[in-house]
Amino acid sequence: RAEREQGITIDVAYRYFATPRRRFILADTPGHVQYTRNMVTGASTAQATIILIDARNGIVEQTRRHAAVAALLRVPHLILAVNKMDLTDYAETVFAPIAAEFTAYARGLGVPEVTAIPVSALAGDNIVTPSPHMDWYGGPTVLEHLETLPVITDPTAEPARFPVQYVIRPRTTTHPDYRGYAGQIAAGVLRVGEPVTVLPSGRTSTIAGIDALGSSVDVAWAPQSVTLRLTDDLDISRGDLIAPTAAAPATTQDIEATVCHVADRPLRTGDRVLLKHTTRTVPALVKDICSRLTLDDLSQHPAPGRLGPNDIGRLTLRTAEPLALDSYAASRRTGSFLLIDPGDGTTLAGGVADSR
């Protein structure tokens with residue numbers, strides 16, 4: 001009701017649809033600056049982002065902000081849909097400068113490739129079928145492009161990461177000594193017989209068995225939910241991370257990261273927060289807010305001292321306990337985290353760890 005009254009998108013709306021070639025989940029996220037946090041929510045798990053531009057207005061501040069969020073969260077595919085071409089006489093001279101300017105801006109953000117498509121959503125031009133009004137455009141329609149994007153990832157491409165969610169100890173007559181560690185594989189592949197390290201303790205063991213869907217398997221991969229059994233009875237609890245010994249991440253208490261601040265109250269240097277990483281939550285201190293991103297020219301405003309609602313900035317954190325944190329460039333799942341207000345549990349910011 002509020003969205004209809006104000007004529008803007010406020011919350012993230014999810015829609016599900018399918019074509020003969022692929023199934024889709026569409027997250028319709030708001031463009032208004034006040035709701036950037038909801039844009040972050042929608043983009044955090046996305047495999048493609050479509051940024052919608054009014055052909056009459058061209059690139060505006062929210063266009064830059066959404067492109068920066070998509071680049072920050074390393075959404076693999078970025079699509080520019082220049083809409084309302086019917087109101088500009090379907091002119092190539094309107095579309096081409098917008099596409100060129102946005103592509104240059106996106107490259108400055110580190111986006112390797114942008115696909116720009118001129119569309120008229122009202123008339124359906126270049127949405128599902130090619131437009132008869134824009135014969136100067138020879139690229140794919142929006143749906144054709146979405147159907148052909150490469151989205152299948154190789155689970156063996158990343159080192160395995162298994163955050164422990166729950167320790168299973170039935171202590172029944174059938175299973176008197178069963179000790180299993182349940183969770184969802186965040187990345188990679190795990191195999192029976194593989195040497196593993198438990199972090200942050202650094203203790204080592206070997207995978208004795210993998211239970212999935214009520215039966216034992218020899219191999220499991222992301223994003224399967226499984227229960228691991230180890231050859232040794234180790235002190236492991238929720239929040240620990242199990243990883244192959246040969247590719248275990250380093251633990252650290254000092255984190256350099258980029259965050260998008262989503263709370264109404266500002267985040268300041270010296271604030272004490274909770275940091276939630278996978279299934280582990282630890283106290284942390286904001287040591288320094290190094291810079292704040294200026295979206296117009298992508299410059300960094302140094303030492304702002306605070307981040308306000310919807311600001312994107314770089315900061316350093318000191319955690320009370322070591323964390324097994326990957327860089328976000330290496331793993332979206334284990335390189336991301338949330339900052340939480342310890343007083344009321346409010347989410348303050350979503351963060352991505354820089355390369356170390």
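Colleague: How many aromatic pairs does the count come to?

Modeller: First, the ground rules. This is a predicted model, in which local features need pLDDT of at least 70 and side-chain atom pairs count only at pLDDT 80 or more, while totals for chains, interfaces and linings use all residues. Residues are numbered from 1 along each chain as its sequence is written, and side-chain values use heavy atoms, with hydrogens and water left out. A pair of aromatic rings is described by the distance of the centres and the angle of the planes. Rings of Phe, Tyr and Trp (its six-membered ring) pair if their centres lie within 6.5 Å; planes under 30 degrees apart count as stacked, over 60 as edge-to-face and the rest as tilted. By this rule there are 2 aromatic pairs. Phe17 and Phe24 form a stacked pair, because their ring centres are 4.8 Å apart and their planes are at 10°. The rings of Phe95 and Trp136 have centres 5.7 Å apart and planes at 40°, so that pair is tilted.

Colleague: Which parts does the pair of Phe95 and Trp136 tie together?

Modeller: Helices (H or I, at least four residues) and strands (E, at least two) are DSSP runs, numbered from the N terminus. Phe95 lies in helix H4 and Trp136 in the loop between S5 and helix H5 (142–148), so the pair ties together parts that are 41 residues apart in sequence.

Colleague: Is Phe95 buried or exposed?

Modeller: Buried means under 20% relative accessible area, exposed over 50%, and partly exposed in between (1.4 Å probe, protein chains only). Phe95 is buried, at 9% relative accessibility, and Trp136 is partly exposed at 25%.

Colleague: Which way do the residues of S4 point?

Modeller: In a regular strand the side chains alternate between the two faces of the sheet. From S4, His77, Ile79, Ala81 and Asn83 point one way and Leu78, Leu80 and Val82 the other way. Strand S4 (residues 77–83) has 7 of its 7 residues buried, so the rest of the structure largely encloses it.

Colleague: Which strands are joined to S4 by bridges?

Modeller: Two strands pair if DSSP finds at least two bridges between them. Strand S3 (residues 48–54) runs parallel to S4, with 7 bridges between them, and Ile51 has Leu80 as its bridge partner in S4. The chain goes from S3 through helix H3 (residues 61–72) to S4 in a right-handed β-α-β crossover. A crossover is right-handed if, with the strands pointing away from the viewer, the path from the first strand over the helix to the second runs clockwise. Strand S5 (residues 114–118) is also parallel to S4, joined by 5 bridges, and Val82 stands opposite Pro118 there. S4, helix H4 (residues 92–108) and S5 make a right-handed β-α-β unit.

Colleague: Which residues of the largest nonpolar core touch the most other members?

Modeller: In soluble globular proteins, nonpolar side chains tend to be buried together. A nonpolar core is a set of buried Ala, Val, Leu, Ile, Met, Phe, Trp, Tyr and Cys residues joined through side-chain atoms within 4.5 Å. The largest one has 37 residues, and Leu73, Leu78, Leu80 and Phe102 touch the most other members. At least two residues of this core come from each of H2, S3, H3, S4, H4 and S5. Contact means heavy atoms within 4.5 Å. Not counting residues up to four places away in sequence, Phe102 touches Ile51, Ile59, Thr63, Ala67, Leu78, Leu80 and Val114. A second, separate core of 21 residues includes Ile255, Val259, Val282 and Leu307.

Colleague: Which side chains are joined to Asp326 by a polar contact?

Modeller: A polar contact is a pair of N or O atoms within 3.5 Å; within protein, one must be able to donate a hydrogen and the other to accept it, and residues adjacent in sequence count only if both atoms are side-chain atoms. The side chain of Asp326 has such a contact with that of Arg161 at 2.9 Å and with that of Thr334 at 2.7 Å. Asp326 sits in the loop between strand S22 (312–324) and strand S23 (336–340), and is buried at 11% relative accessible area.
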